[in-house]
Amino acid sequence: NNLLRGQMADHNEVLANFMAITDCTDDGQALATLEASDWKLEEAVNLFFASNAGGSGGGGGPPQMQEDEGFQERAPMPAIVDRLVDHPMQFGGRSYAAARGLASSSRAQPAVDAFGNFEAAATNRPGQNPTRSAALSSLFQAPTGLLFHGDFEGAKAHAAQEGKWLMLNVQDKSEFASHRLNRDTWSNGILQEMIKGMLVFFQAQAEEEDGMLLINSYRLRGVPAVCIIDPITGTKLFERQGFVDAEQLIEDLVPFMDVGPKDPGAGRLAQVMAVKSRQQPAKQQQRGGEAAAHGKHLTEDEQIALALAASMEQGTSQAQPSSSPADDGGEDEELDEAAVYAAIEREDQHRALQEQQRAEELARPPPEKVMQDAEARLPAEPDTTDSNACRIAVRLPTGDRAQRRFQKTDSVQVLMDLVLSKVPEAAGGRKFDVVASFPGALPLTDMSASLESAGVANAMLVVKWRD
C-alpha cells in the first residue's frame, strides 16, 4: 500500500509538471499521453506537441466544424502567382515549419514559453499547486546573469572589444531540448565561470526575427543550436545541435581557452576547427597511423623540441674538426683547435647535466610513493551543504578531468597535491603549472594564498607542462 501511494504521488507530480509545461487543460488527454509515454515527462511533452501540431494545446484536438443544413460549398478561389516578402527560416532550402513537419502558420501549434511565469496559469487550474508551478518555471528560465543584453551586432562588437569569443545559442520554445539547456547546461557552475571568463553569451529565439536571420546567416541545420563565433571575422568556428551536456560542452570549449580572437594563434585555431568539423574521421585515422609508426603521438611542443635538437646536432657536427689536414696551417689550425675545445666543453657540460639528473632521480622517491603522499596531504572533502565549500575542476594533460570540493580557505598547494595524486608523470618529477582556463591567464605561483583570494574558487583550471 505504501509503495502504491508513493507511485501515485510521483504520477501526480509528473502530471502537474506536464500540464504546466504544455498548458494542457484536459486531464484525460494528459493522463493518456503520460501513460503512452510510460510516465516519462520529456517523451510525453514531445508526443503531445507532435500529436497536437494542428490544434490548440488545451482543447484536446482541432475544433470540429458544425454541420449546417443550409451550408453551400463556395466556389474555389482564383489561382494567383505572387512573392512573399518576409524572413523565412531556412533549413537546407526548406522552411523551418516544413523541416519540423508542421502545418501552415494559421494552424501551427502555439509554442510553449518555458521562460514565462507558470504560476499565473496554475492559479486558474483547480488542484494545481502554485508554489510547485513557480518552482518549475524558475528551472526553465533563461540564464539572464550570463546573457548579453542587446542585439547580435552589439554582442559581436562587445566581444571583439573585450577580446573574447562569442557564444551563440538559438532556441525554439516548442523544443524541449531548449528548455533542458536552460535547466541543466547553463546552470552548471563550472561552465558559468568559463563563460564569464572567456565568452560573450548571446541567446536568440528561432521564431523571432533575429533568430530567423541568424539561422539563415549561419546555415544552422536545426535548433536548438550552440555555436562559437569569431567576433572579428564573423566566422562560425563550432556548432552543436540539440541538447548538449554541460561536461561535454566544457570539453568542446577547451581549444578556445588558451587563444583569444585577438591573439596571433586565432587564425590557426579557426583553420583547425574548420578542418576538424569537416574531416574529423580522416584526422583520427591519420593520428592512429602516426601513433602506430612512432610508438606514440608527438605533441606540437615535442615536435619543436625534436627540430631544435636536430638543429643543434647539425651545428655540432659542423663544428667538429675536419679529419683532413688544413691546407694553410696557422690560422686554420687555431680555428680547428678552438672548435675542438668548444665541442669538448659542451660534451662535459652535457655529461655533468646527465649525472645531475641521474642523481636527482636516484634521490627522488618513486612516483607511486609521491602520489600516495600527495593524496594523504589533501584535506577532507567538505559536504555539499557547506557554505564555505567550492567545487574546482582541473583538466589534466591526459585529457581527463579531476573534480573535487575544497574549502575556500584552503591554500593553492592543495591543487598541486591534487595533480600529483592523479598524474604519474608529474609525480615522477616533470615540472608543471596550474592556470585558469581563459586566454592570457598566469600560472598560480603563490602556494600559500587561499583558493578564494587566488580567484580560482568554483573555476575550471588546466595543467600545463613547463617543458
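Residues are numbered from 1 along each chain as its sequence is written, and side-chain values use heavy atoms, with hydrogens and water left out. Because the model is predicted, local features need pLDDT of at least 70 and side-chain atom pairs count only at pLDDT 80 or more, while totals for chains, interfaces and linings use all residues.

**View 1. Strand β3 and its two partners.** Strands (E, at least two residues) and helices (H or I, at least four) are DSSP runs, numbered from the N terminus. Seven of the seven residues of β3 (residues 165–171) are buried, so this strand is largely enclosed by the rest of the structure; buried means under 20% relative accessible area, exposed over 50%, and partly exposed in between, with a 1.4 Å probe and protein chains only. W165, M167, N169 and Q171 point one way from β3, whereas L166, L168 and V170 point the other way. Two strands pair if DSSP finds at least two bridges between them. With β4 (residues 199–205), β3 pairs in the parallel sense over seven bridges, and Q203 in β4 is the bridge partner of N169. With β5 (residues 225–229), β3 pairs in the antiparallel sense over five bridges, and here M167 has I228 as its bridge partner.

**View 2. The two sides of helix α15.** In α15 (residues 367–377), the buried residues are V370, M371 and A374. Seen down the helix axis, they fall within an arc of 100 degrees, so they line one face of α15; the arc is that of the directions from the helix axis to the C-beta atoms. These buried residues pack against α16 (413–422) and α17 (424–427), where contact means heavy atoms within 4.5 Å. On the other side of α15, E368, Q372 and A376 are exposed.

**View 3. An open sheet of four strands.** The strands follow the order β8-β7-β10-β9, and their pairing is mixed. At the edges are β8 (401–407) and β9 (432–436), each of which pairs on one side only. Five bridges join β9 to β10 (residues 460–465), and these two strands run antiparallel; F432 has W465 in β10 as its bridge partner.

**View 4. Helices α2 and α3.** Helix α2 (residues 27–36) packs on helix α3 (residues 41–51) at an angle of about 120 degrees, with the axes 8 Å apart. Axes are lines fitted to C-alpha atoms, for helices over the stretch in contact, and angles run from 0 to 180 degrees between N-to-C directions. Q29, T33, L34 and A36 in α2 meet A44, L47 and F48 in α3.
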